[in-house]
Amino acid sequence: MSISLDIANANVKTATKPSLVGMDRDDLMAALEELGLPEKQRKMRVSQLWNWLYVNGVSDFDQMTNIAKGLRQQLADKFDLSRPEIVSEQVSTDGTRKWLFRFTDPMQPNMPPVDVETVYIPEEDRGTLCVSSQVGCTLTCTFCHTGTQKLVRNLTAGEIVSQVLMARERLGDYPGGERPTDGIVPRAGIRSVTNVVMMGMGEPLYNYDNVKKAMLLMSDGEGISLSRRRITLSTSGVVPSIPKIGEETGVMLAISLHAVNDELRNELVPINKKWPLEELLEACRNYPGLSNAKRITFEYVMLKDVNDSVQDAKKLVRMLDGIPAKINLIPFNPWPGSQYECSSWAQIEKFADIVNMAGYASPVRTPRGRDIFAACGQLKSETERMSKKERDAIAAAE
Ligand code: SAH
Ligand code: SF4
């Protein structure tokens with residue numbers, strides 16, 4: 001699909017209203033100051049707004065019933081609360097749900113909207129939301145569908161957190177909300193979204209500030225209130241940012257390892273040329289707060305005759321010796337045009353046995369949502385990067 005921009009008639013909207021969704025307490029304070037609210041009222045109003053935004057998930061200022069009408073109007077004049085458009089919502093035969101959300105950046109209303117995929121993986125006792133951090137990816141891991149899509153842009157903190165807010169709304173997690181009757185949700189008494197994994201489209205550590213801010217919003221005890229132990233950031237190995245994200249957020253870490261020698265990893269996960277295995281493993285060893293209760297997950301995609309030999313399995317467990325680790329073997333999920341095949345089940349079992357014998361429990365991740373292309377590494381939106389001509393036209397119009 002190509003973006004059609006009528007350059008001559010570009011409808012230039014100049015009014016930009018920043019969204020309150022994605023703001024932290026300091027941002028909300030500043031927003032209220034901008035409205036001219038007296039200083040002594042601001043703290044109370046921030047906590048009211050916080051509650052409406054992140055506990056109740058409202059998308060309309062009129063729902064903020066404990067805020068006077070006049071102030072609600074002032075807020076609505078200056079700020080935005082709008083949600084992304086739901087382009088599609090698909091439910092897999094196994095209960096997995098995938099949304100395609102369309103975001104328009106309220107600060108840049110002339111830029112084309114972007115489409116973002118978010119996946120919900122329900123189980124009896126938990127519900128995991130797989131959240132995207134970028135549209136496309138700058139990296140080109142050869143087995144990943146997202147890697148074939150050029151980076152369109154980073155998502156803002158508000159867009160990242162909105163994926164969680166939207167899922168919670170659709171899945172009945174807000175006070176008074178109703179759970180859907182199709183698909184699956186965890187059993188009664190357990191909220192629909194209990195875990196978040198930053199494993200959707202994009203490399204989260206290449207959108208550091210926005211991802212960090214969004215994860216802090218998700219884990220805020222007075223807001224969305226997901227435990228940091230239930231938020232996992234997956235990275236292909238942006239080594240310098242690994243200690244930083246650990247110190248600044250305390251979330252769980254997953255590493256897309258996929259190979260046990262530099263030669264193969266350079267090919268599968270090309271960022272390895274910049275930060276090879278030794279440096280990556282060193283950063284893992286030093287990840288803040290590691291213990292047997294807080295382990296790093298090493299993800300390993302099973303590619304037939306590429307990285308799935310018994311020798312590879314043995315080297316894998318040797319390599320991780322001394323790091324509190326979990327190993328996740330991911331059966332390769334094919335996508336149109338992919339050059340790999342998934343290892344046979346017999347080979348995956350052989351590999352898993354060696355990993356099991358080394359003390360790692362149940363290492364094979366069951367693929368979910370394959371029929372709706374919602375499984376790991378299958379996410380890719382149709383949004384295209386603008387051509388230089390289109391970008392120049394927008395810049396000229398602004
Ligand atoms: N960019 C981050 C997070 C997104 S990818 C990262 O690379 O870690 C989430 C996980 O899915 C990663 O472990 C990735 O390597 C894996 N993955 C990508 N394509 C896949 C595919 N086709 N089949 C199985 N897993 C895949
Ligand atoms: Fe990007 Fe992760 Fe896919 Fe690699 S695996 S291309 S880093 S999304």
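Modeller: Arg25, Leu28, Met29, Leu32 and Glu33 in α1 meet Arg42, Lys43, Arg45, Val46, Leu49, Trp50 and Leu53 in α2, where contact means heavy atoms within 4.5 Å. This is a predicted model, in which local features need pLDDT of at least 70 and side-chain atom pairs count only at pLDDT 80 or more, while totals for chains, interfaces and linings use all residues. Residues are numbered from 1 along each chain as its sequence is written, and side-chain values use heavy atoms, with hydrogens and water left out.

Colleague: At what angle do α1 and α2 pack?

Modeller: Axes are lines fitted to C-alpha atoms, for helices over the stretch in contact, and angles run from 0 to 180 degrees between N-to-C directions. The axes of α1 (residues 25-34) and α2 (residues 39-55) lie 9 Å apart, and the packing angle is about 120°.

Colleague: Which term describes α9 relative to α10?

Modeller: Helix α9 (residues 310-319) and helix α10 (residues 345-357) pack at an angle of about 30°. Angles under 35 degrees count as roughly parallel, over 145 as roughly antiparallel, 65 to 115 as roughly perpendicular and the rest as oblique. Therefore α9 is, relative to α10, roughly parallel.

Technical notes
Chains lettered and ligands numbered in written order. Helix = DSSP H or I, 4+ residues; strand = E, 2+ residues; numbered from the N terminus.
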